[in-house]
Amino acid sequence: MTDEAPSRTVRLDKWLWQARFFKTRTLAAKVVAGAHVRVNGTKTDKPAQKIGPGDTLTFPQGRDIRVVRVLALTERRGPATEARTLYEDLTPIKAPAPASPRYDGGGRPTKKERRDLDRSRKPPLE
């Protein structure tokens with residue numbers, strides 16, 4: 001007999017839901033069943049896959065690919081502040097997209113720019 005306690009694990013779909021990556025557990029299970037999730041670099045298509053602290057998960061969320069390390073497990077789906085303590089986000093930080101498509105000077109002119117342009121094109125009044 002060993003004195004080691006068995007390490008605690010939880011279902012993958014349940015943890016993704018508890019950590020608030022997906023709105024419903026069914027949605028989390030669909031993403032896992034579609035083989036879109038990797039556990040420690042290995043693809044899985046089983047929502048019942050057991051995970052525990054120290055595992056690294058890679059999965060799509062919206063248009064982004066998230067990479068997280070499981071830090072803790074929980075018994076319930078708590079508030080967002082509590083959910084953030086369950087994982088460490090390893091997702092690379094992307095440069096933010098420009099707020100306006102006119103950042104390079106392209107695009108349609110504003111109303112003021114158009115009036116200035118019209119004034120510069122008209123001949124002076126005689």
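**Ground rules**

I'm working from a predicted model, where local features need pLDDT of at least 70 and side-chain atom pairs count only at pLDDT 80 or more, while totals for chains, interfaces and linings use all residues. Residues are numbered from 1 along each chain as its sequence is written, and side-chain values use heavy atoms, with hydrogens and water left out.

**Sheet**

I started with the strands (E runs in DSSP of at least two residues, numbered from the N terminus; helices are H or I runs of at least four). I count two strands as paired if DSSP finds at least two bridges between them. Five strands make an open sheet in the order 3-2-5-6-7, and the pairing is antiparallel. Strand 3 (42-44) and strand 7 (87-89) sit at the edges with a single partner strand each, so one side of each has no neighbour in the sheet. From one strand to the next the twist averages 30°; for such angles, axes are lines fitted to C-alpha atoms (for helices over the stretch in contact), and angles run from 0 to 180 degrees between N-to-C directions.

Next I looked at strand 5 with its partners. Six bridges join strand 5 to strand 6. Among the bridge partners, T58 goes with V67 and P60 with I65. The two strands form a hairpin with two residues between them, and G62 in the turn has a positive phi of about 70°. Strand 2 pairs with strand 5 over two bridges, antiparallel again, and V39 has L57 as its bridge partner there.

**Core**

Which residues touch the most other members of the largest nonpolar core? I find L12, W15, L16, F21, I51, L57 and F59, out of 20 residues. Such a core is a set of buried Ala, Val, Leu, Ile, Met, Phe, Trp, Tyr and Cys residues joined through side-chain atoms within 4.5 Å. Buried means under 20% relative accessible area, exposed over 50%, and partly exposed in between (1.4 Å probe, protein chains only). Helix 1 (12-18), helix 2 (25-33), strand 2 (37-39), strand 5 (56-61) and strand 6 (64-70) each give two or more residues to the core.

I then listed contacts (heavy atoms within 4.5 Å) for L12. Leaving aside neighbours within four places in sequence, L12 is in contact with V32, V37, V39, T44, K46, P47, Q49, I51 and L57.

**Aromatics**

I found five aromatic pairs. Rings of Phe, Tyr and Trp (its six-membered ring) pair if their centres lie within 6.5 Å; planes under 30 degrees apart are stacked, over 60 edge-to-face, and the rest tilted. W15 and F21 are tilted, at 6.0 Å centre to centre and 35° between the planes. W15 and Y87 are edge-to-face, at 6.4 Å and 80°. W15 is in helix 1 and Y87 in strand 7, so this pair ties together parts 72 residues apart in sequence. Both W15 and Y87 are buried. One aromatic cluster is formed by W15, F21, F22, F59 and Y87.

**D13**

Is D13 buried or exposed? D13, in helix 1, is buried, with a relative accessible area of 3%. The D13 side chain makes a polar contact with the side chain of R25 (3.4 Å). I take that as a pair of N or O atoms within 3.5 Å; within protein, one must be able to donate a hydrogen and the other to accept it, and residues adjacent in sequence count only if both atoms are side-chain atoms.
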